[in-house]
Amino acid sequence: MISEKMVASEWPDFSKWVSNSIQLLPFYETHSLARQVFSQKVYDNTGVAYVIYRNKRPFLFLTVETDQVTNVLIQATTQMSWSAIFLVIDLFFKQSFQPKVSFLFPRALTLHLQTVFSKHGYTVLENKTAVKELTYHTSLVLGGGGARGAYQIGVWQALKELVIPVEIVTGTSVGALNGALILQDDFEAAKNMWEKIDTQKILSFPTTVTSSDTLRDMMSQIGSFTLNAIQSNGVSTQPLQKLIHDTFSQEKM
């Protein structure tokens with residue numbers, strides 16, 4: 001689902017779509033008045049008018065003022081169930097991690113509409129306000145890439161600061177290591193590991209390579225390195241195994 005805030009400069013691109021819309025819910029006395037008020041909100045550049053796209057075409061227009069929906073217009077030819085429409089509106093609010101969806105009406109809702117809202121998880125207050133608490137299921141997917149994994153701990157820190165809980169963690173390569181750290185819920189240990197990590201704590205090379213002044217010395221070292229690597233069956237990952245053993249605890253995961 002794609003949505004965006006509408007501004008006055010873009011109104012010519014949307015005017016025909018709005019003119020072919022009807023109000024979905026009884027915020028105003030007539031469809032014409034609902035369209036007129038919506039248009040004025042766009043012209044005023046108050047930042048409360050939004051458009052939602054379906055199949056790359058505008059199909060739903062709404063205004064959100066002080067976190068409450070105050071107008072909803074839908075393309076007259078749109079055929080959607082109430083469940084589908086409420087799902088779209090839920091997703092719209094979830095894009096900005098809003099805790100709830102709230103509709104504010106100028107007058108009491110009919111018994112029929114109160115029933116519609118109730119069937120879709122809303123609580124109707126004083127017959128004029130419909131409120132629904134939103135629930136989130138957040139999954140964190142961590143990719144591989146060696147040293148690139150360092151930024152993933154920063155992402156975790158940001159999620160913690162925003163109080164966004166993570167219920168599922170998946171990862172590959174270094175992402176799997178970071179995922180295990182996240183499951184342990186020990187941010188300081190993760191931060192400390194990344195601040196002190198270096199190549200020697202990941203891999204053990206079969207020989208030490210030093211700086212060379214001549215091509216002969218360089219070729220000699222490359223030959224020695226290659227021979228020792230073959231004899232040792234390649235580069236050893238024992239340092240990484242030790243790091244995992246010292247850092248991770250199955251009891252915490």
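Author: Gladly. Let us begin with K132, which forms a salt bridge with D90, the closest N and O atoms being 2.6 Å apart. This is a predicted model, in which local features need pLDDT of at least 70, side-chain atom pairs count only at pLDDT 80 or more, and totals for chains, interfaces and linings use all residues. Residues are numbered from 1 along each chain as its sequence is written, and side-chain values use heavy atoms, with hydrogens and water left out.

Reader: Why is the contact of K132 with D90 called a salt bridge?

Author: The term asks for a side-chain nitrogen of Lys or Arg within 4 Å of a carboxyl oxygen of Asp or Glu. K132 and D90 have their closest N and O atoms 2.6 Å apart, so the pair qualifies. K132 lies in strand β8 (residues 129-133) and D90 in helix α3 (residues 82-94), so the bridge ties together parts 42 residues apart in sequence. Helices (H or I, at least four residues) and strands (E, at least two) are DSSP runs, numbered from the N terminus.

Reader: What makes K132 count as buried or exposed?

Author: Buried means under 20% relative accessible area, exposed over 50%, and partly exposed in between (1.4 Å probe, protein chains only). K132 has 17% relative accessibility, so K132 counts as buried. D90 is buried too, because its relative accessible area is 9%.

Reader: And how do you know that R107 and E29 form a salt bridge?

Author: Their side chains meet at 3.3 Å, N to O, and that is within the 4 Å limit. R107 sits in the loop between β6 and α4, and E29 in the loop between β2 (21-23) and α2 (31-43), 78 residues apart. At 33%, R107 is partly exposed, whereas E29, at 62%, is exposed. The structure holds four salt bridges.
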